[in-house]
Amino acid sequence: MAITRDQARKELERRGISIAEFSRSHDLNPNLVSDLLAGRKKGLRGEAHRAAVLLGIKDGVIYDVEDFPPSAPSE
């Protein structure tokens with residue numbers, strides 16, 4: 001279940017993690033993370049989608065583009 005943008009921001013604050021530090025640790029653009037938390041970006045696709053999922057503000061799966069469509073599991 002996804003959390004709100006405000007909850008994500010408060011959780012970063014509670015843990016003492018800056019947006020810049022979170023961004024570096026996940027190889028994300030800090031401006032993008034800030035825009036997501038402020039509601040200026042929706043996180044629909046690409047890096048924004050990945051950032052939103054990592055922040056917990058969006059339920060989703062992070063896949064590499066080369067892995068799509070997912071192959072059937074081998075038996």
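## Terms and overall layout

A residue counts as buried when its relative accessible area is under 20%, and as exposed when that area is over 50%. A helix here is a DSSP run of at least four residues, numbered from the N terminus. The model described in this report is predicted.

The chain holds four helices and zero strands, and its pattern along the sequence reads α-α-α-α. Along the principal axes, the C-alpha atoms fill a box of roughly 45 × 25 × 20 Å. The chain has 75 residues, of which 24% count as buried. Among contacts in the chain with a separation of 6 or more, 37% are between residues 24 or more positions apart.

## Helix 4 and its buried residues

Helix 4 covers residues 46-55. Its buried residues are A48, H49, A51, A52, V53 and L55. These buried residues of helix 4 pack against helix 1, helix 2 and helix 3. In general, an α-helix has 3.6 residues a turn, so residues three or four places apart point the same way.

Just after helix 4 comes G56, which takes a positive phi of about 90 degrees.

## Helix 1 against helix 3

Helix 1 spans residues 5-15 and helix 3 spans residues 30-38. The axes of the two helices come within 8 Å and cross at roughly 130 degrees. Helix 1 is therefore oblique to helix 3.

On the side of helix 1, the contact is made by R5, A8, R9 and L12. Their partners in helix 3 are S34, L36, L37 and A38. By class, the residues of this contact divide into five nonpolar, one polar and two charged.

Helix 3 also contains D35. Is D35 buried or exposed? With a relative accessible area of 18%, D35 is buried, because the cut-off for buried is under 20%. Leaving aside residues up to four places away in sequence, D35 touches R40 and K41.

## Two loop residues

D27 is in the loop between helix 2 (19-25) and helix 3. Phi of D27 is near 55 degrees, which is a positive value in a residue other than glycine. D27 counts as exposed, at 64% relative accessibility.

K42 sits in the loop between helix 3 and helix 4. Its relative accessible area is 65%, so K42 is exposed. Which residues does K42 touch, not counting residues up to four places away in sequence? They are R5 and L36. R5 and L36 both belong to the contact of helix 1 with helix 3 described above. K42 and K58 are 16 residues apart along the chain, and their C-alpha atoms are separated by 9.2 Å.

## The largest pocket

Rolling a probe the size of a water molecule over the atoms shows where empty space is left. In this model, the largest pocket holds about 230 Å³ of space.

The lining of the largest pocket includes L44, R45, G46, H49 and R50. The lining also includes V61, I62, Y63, D64, V65 and F68. By class, the lining has six nonpolar, two polar and three charged residues. One of the lining residues, H49, is also among the buried residues of helix 4.

Key
Residues numbered from 1 in each chain as written. Predicted model: local features only at pLDDT ≥ 70, side-chain atom pairs only at ≥ 80, totals over all residues. Heavy atoms only, no water. 1 Å grid on protein atoms, 1.4 Å probe; cavity = no way out; pocket = protein on both sides within 12 Å on 5 of 7 lines; lining within 4 Å. Points joined across faces, edges and corners; volume = space filled by probe spheres on them. Nonpolar A, V, L, I, M, F, W, Y, C, P; charged D, E, K, R; others polar. Axes fitted to C-alpha atoms, helices over the stretch in contact; angles between N-to-C directions. Parallel < 35°, antiparallel > 145°, perpendicular 65-115°, else oblique. Contact = heavy atoms within 4.5 Å. Buried < 20%, exposed > 50% of the residue type's maximum accessible area, 1.4 Å probe, protein only.
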